[in-house]
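Colleague: I've got this one open on my screen and would like a quick walk-through. Start wherever you like.

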Amino acid sequence: MTAVLVAAAALAVGTYAMRRGGVALGGRVGEGPRAQAAERTLDHAVVALLIGVTLTAAVYDGGAPAGWARPLGVGCALVAAWLRAPLAISILLGAGVTALLRAIGLS
C-alpha cells in the first residue's frame, strides 16, 4: 500500500512539474527561426504520438494480435478522416466496417 501511495505522489509531483514547466517556458518562446522550428517539431511529434497510439490499439488486443477486422476498420476510419469526413461519420464507418468484417467471419 505504501508503494502505491509513493508512486501516486511521485506521479502527482511529476505531472505538476510538467505543467508548471510548460507555463514557465511558454512565455520564453519568442519569434524567430528557432522558435518556428521548435513549434513544427512539436506539431510533428504530436501527430507521431497519436499515430503510434492508434496503430498499437488497432493491431494488438492486449498482448495478442487483434486479427484483421479491427485494423481494416481503423484504416477505413483513417481514410474517411483523411478525406475530411466529419468525425462522427469516420468513427461510425470504422465501427461498421469492423462489425461487418466480423459478421462475415473475418476476425
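**Serine 90 and beyond**

Modeller: Let's start with serine 90: leaving aside neighbours within four places in sequence, serine 90 is in contact with Ala77, Ala80, Ala81 and Ala85, where contact means heavy atoms within 4.5 Å. Before we go on, this is a predicted model, where local features need pLDDT of at least 70 and side-chain atom pairs count only at pLDDT 80 or more, while totals for chains, interfaces and linings use all residues. Residues are numbered from 1 along each chain as its sequence is written, and side-chain values use heavy atoms, with hydrogens and water left out.

Colleague: OK. Is serine 90 buried or exposed?

Modeller: Serine 90 is buried, because its relative accessibility is 4%. Buried is under 20% relative accessible area, exposed is over 50%, and partly exposed is in between (1.4 Å probe, protein chains only). Serine 90 lies in helix H4; helices (H or I, at least four residues) and strands (E, at least two) are DSSP runs, numbered from the N terminus.

Colleague: Which backbone atom lies 3.5 Å from a polar atom of the serine 90 side chain?

Modeller: That's the backbone nitrogen of alanine 81. A polar contact is a pair of N or O atoms within 3.5 Å; within protein, one must be able to donate a hydrogen and the other to accept it, and residues adjacent in sequence count only if both atoms are side-chain atoms.

Colleague: And threonine 98, where is that found?

Modeller: Threonine 98 is in helix H4, which covers residues 87–103. Threonine 98 is buried, as its relative accessible area is 12%. The threonine 98 side chain reaches the backbone oxygen of glycine 94 at 2.9 Å. Not counting residues up to four places away in sequence, threonine 98 touches Ala69, Arg70 and Gly73.

Colleague: Arg70 again, then: which side chain does arginine 70 meet in a salt bridge?

Modeller: Aspartate 61, at 3.8 Å from N to O. A salt bridge here is a side-chain nitrogen of Lys or Arg within 4 Å of a carboxyl oxygen of Asp or Glu, and the structure holds 1 of them. Arginine 70 is partly exposed, at 22% relative accessible area.

Colleague: New topic. Where does UniProt place the "transmembrane region" feature?

Modeller: The UniProt record, an unreviewed entry, puts it at residues 42–60 and 72–101. UniProt positions are in the numbering used here, feature names are shortened, and annotations may be inferred rather than shown by experiment. Residues 42–60 are 95% helix and 5% strand, with end C-alpha atoms 27 Å apart. For residues 72–101, the end C-alpha atoms lie 9 Å apart, and the span is 87% helix and 0% strand.

Colleague: What about valine 59, which helix is that in?

Modeller: Helix H2, residues 33–59. Valine 59 counts as partly exposed, because its relative accessibility is 33%. Beyond its neighbours within four places in sequence, valine 59 is in contact with Ala64, Pro65, Ala66 and Pro71.

Colleague: Last one: which residue has a positive phi although it is not a glycine?

Modeller: Arginine 84, with a phi of about 65°. Arginine 84 is found in the loop between H3 and H4. Arginine 84 counts as exposed, since its relative accessibility is 77%.
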